Amino acid sequence: MHSSIDQLSVNAIKILSADAIQKANSGHPGLPLGSAPAAYTLWKDFMKFNPANPKWENRDRFILSGGHGSMLIYSLLHLFGFGLTVEDLKNFRQLGSLTPGHPEYGHTVGVEATTGPLGAGMAMATGMAIAEKKLAATFNKEGYPVVDHYTYVLGGDGCMMEGICYEAMSLAGTLGLSKLIVLYDSNNISIEGDTSIAFRENVRARFDSFGFQTLLVEDGSDLDAIANAIAEAKADTERPTMIEIKTKIGAGCPAKEGKASAHGEPLGEENIAALRENIGWTNTNPFEVPDEVYANYKAIAEEKAKDEESWNALFADYCAKFPEMAELWDTYFNKDLSAELLSDPDFTKVPEKAEATRNCSGNLIQAIAKHYPNILGGSADLAPSNKTNIKDGGDFSKENPLGKNMHYGIRENAMAAIGNGILLHGGLRPFVSTFFVFSDFLKPMARLSSLMRIPQIYVLTHDSIGVGEDGPTHQPIEQLAQFRAMPNFYTFRPADRVETQAAWYFALTKKDAPTALVLSRQNLPQLASATVEKAMKGAYIVADSSKETPDTILIATGSEVEVALEAKEKLAAKGLDARVVSMPCMELFEDQTAEYKESVLPAAVTNRVSVEAASVFGWGNYASKQVGMSTFGTSAPGELLFDHFGITSDAVVAKVCE
């Protein structure tokens, strides 16, 4: 049974949230007020965590999928002693504060994922639960459950409307992720009013169909009922659980409770005073919390720290009894595995004949898997075409959590978010894959990878009009420009096996940014002058001019490097001496020194032509003329399309001669 101090502690979350939003004159009080009882009950009675060590490997994870309600988690982090001060709460939504408008991973201690786009947290939580399941199967021994924790995710009606939520939850049910528990803040209100105007489905029935256990808490202010439901959720060891908790948005504020106006605007001074009176909060000064509330939270946190102490003792005994597993743990969680790659002939060898870069990547993945036992690769139902299947790696499933191949189904958006969740959890090295044109479906979650500064790897094949007969729906045009426009994201479009090696090596060693490998379907020749070291500069000279100052510079990527080399020969017949530059990664080239960039693209040479079978948008930074696409593609054999759309050496020569 919960006591009066518990209710007072719940009210502290409400008051701190309301005060911070009011001071900022900006924010979303509705969710924190409605979900404070559920969040407090979860953190107090069930979650394993230690504020003194927020990165403890066996902690429970809590994801606030409804990130607009960020003051809920900031209040919890403050009260439980994660380091957020009252001053931090007072600076809510202010420049440079630790309490931004939506929770940001890596910025605020205790925030497990950047959330805000609704439903994204649901999918990232699914990824974390997948990681827990795989790591538990890998490391746990009888009597030694060294990986044994839950992932809890809280979201509302908006999350449930988003397609990404249902994509992820469908997979979670299929995989039997029993350590995933979804708390559904069900209040039937969104920004435009009652959800019945656009959302009338039976959400629990839908989760039933996914294979979830579904539970209902009729009164979201009943701490005991919430606790009983979470306990019942944990008792089911076969299925994930969704708990629908019926709440009132803005609960406790007489003028706002249950109304859409509680969602996204400050309550106002008068309404906050009424809230205080209505819930019996006697402190009238903003941000003032009774000492007994802080004492309660401190006592809970001190008790929580004992969970880690017990685990540390268990883990020490485990390492002593199973030294080979201790070494494997270090490999999964701590060791830099990349050094061995560059000495592995299976990784560094170059084929003697032309080969599609998707095939090059597929062969490289096999070599990588030998050195990265913690790899977990997956595709959106396209592994045979993406060449991403890890041979002899097995398929990850409910029945086989040791598998190294994820089958995401045709769920690109959720796949990317789940991949983010796996990576955020720690211990595993995921990559995700689909056709490049379908990167449109996963772009929002790739953007979150960039925002969170996590090294997610995107393998995106069938990179151009070279796809051929499948036609314009499957031929990417603007996608390269979209990805290159994204801050803190590295987009590689390699021209051969060596550049593909460089792309993979960069992706595996980059610690603070995601990478996309954009790969061809059609065969490409191997470049005689390519090396991993050169390609790791982002751009380098493939074939140079005999003159100190070239007459022109041709800059190309991927399959069009061959086109540029052909154009160089044709220009020579006209008495023009060209330098050909391969630029597999613009972003990486921009990271180089000014001296290196000048050595490749000297400012004195203004006659430059870019060549790429995609939108020319963005190439104006490097070239005065562009050969590329200004329309969508069409259905025809791929080799005919390059001529049809003028992506040819003759077109390059004509641009130079202009």
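Predicted model: local features only at pLDDT ≥ 70, side-chain atom pairs only at ≥ 80, totals over all residues.
Axes here are lines fitted to C-alpha atoms, for helices over the stretch in contact, with angles taken between N-to-C directions on a scale from 0 to 180 degrees.

Helix H5 (residues 120–139) and helix H12 (residues 323–333) have axes that come within 11 Å and cross at roughly 155°. Angles over 145 degrees count as roughly antiparallel, so that is how H5 sits relative to H12. On the H5 side, the contact is made by Leu135, Thr138 and Phe139, while H12 puts in Met325, Leu328, Trp329, Tyr332 and Phe333. Sorted by type, the residues of this H5–H12 contact come out as seven nonpolar, one polar and no charged.

Next up is the sheet. Six strands make an open sheet with parallel pairing, in the order S9-S8-S10-S11-S13-S12. At the edges are strand S9 (405–407) and strand S12 (490–492), each of which pairs on one side only. Direction ignored, neighbouring strands of this sheet are turned by 20° against each other on average. Within the sheet, strand S10 (residues 429–435) and strand S11 (residues 457–461) run parallel and are joined by five bridges; Ser433, for one, has Val459 in S11 as its bridge partner.

Helices pack against these strands too. Helix H16 (residues 412–425) touches S8, S10 and S11 as it packs on the sheet, and its direction makes about 170° with that of S10. Helix H14 (residues 357–371), for its part, lies across strand S8 (375–379), S10, S11 and strand S13 (515–519), running at about 135° to S13.

Methods: Residues numbered from 1 in each chain as written. Heavy atoms only, no water. Pairing = 2+ DSSP bridges. Helix = DSSP H or I, 4+ residues; strand = E, 2+ residues; numbered from the N terminus. Contact = heavy atoms within 4.5 Å. Parallel < 35°, antiparallel > 145°, perpendicular 65-115°, else oblique. Nonpolar A, V, L, I, M, F, W, Y, C, P; charged D, E, K, R; others polar.
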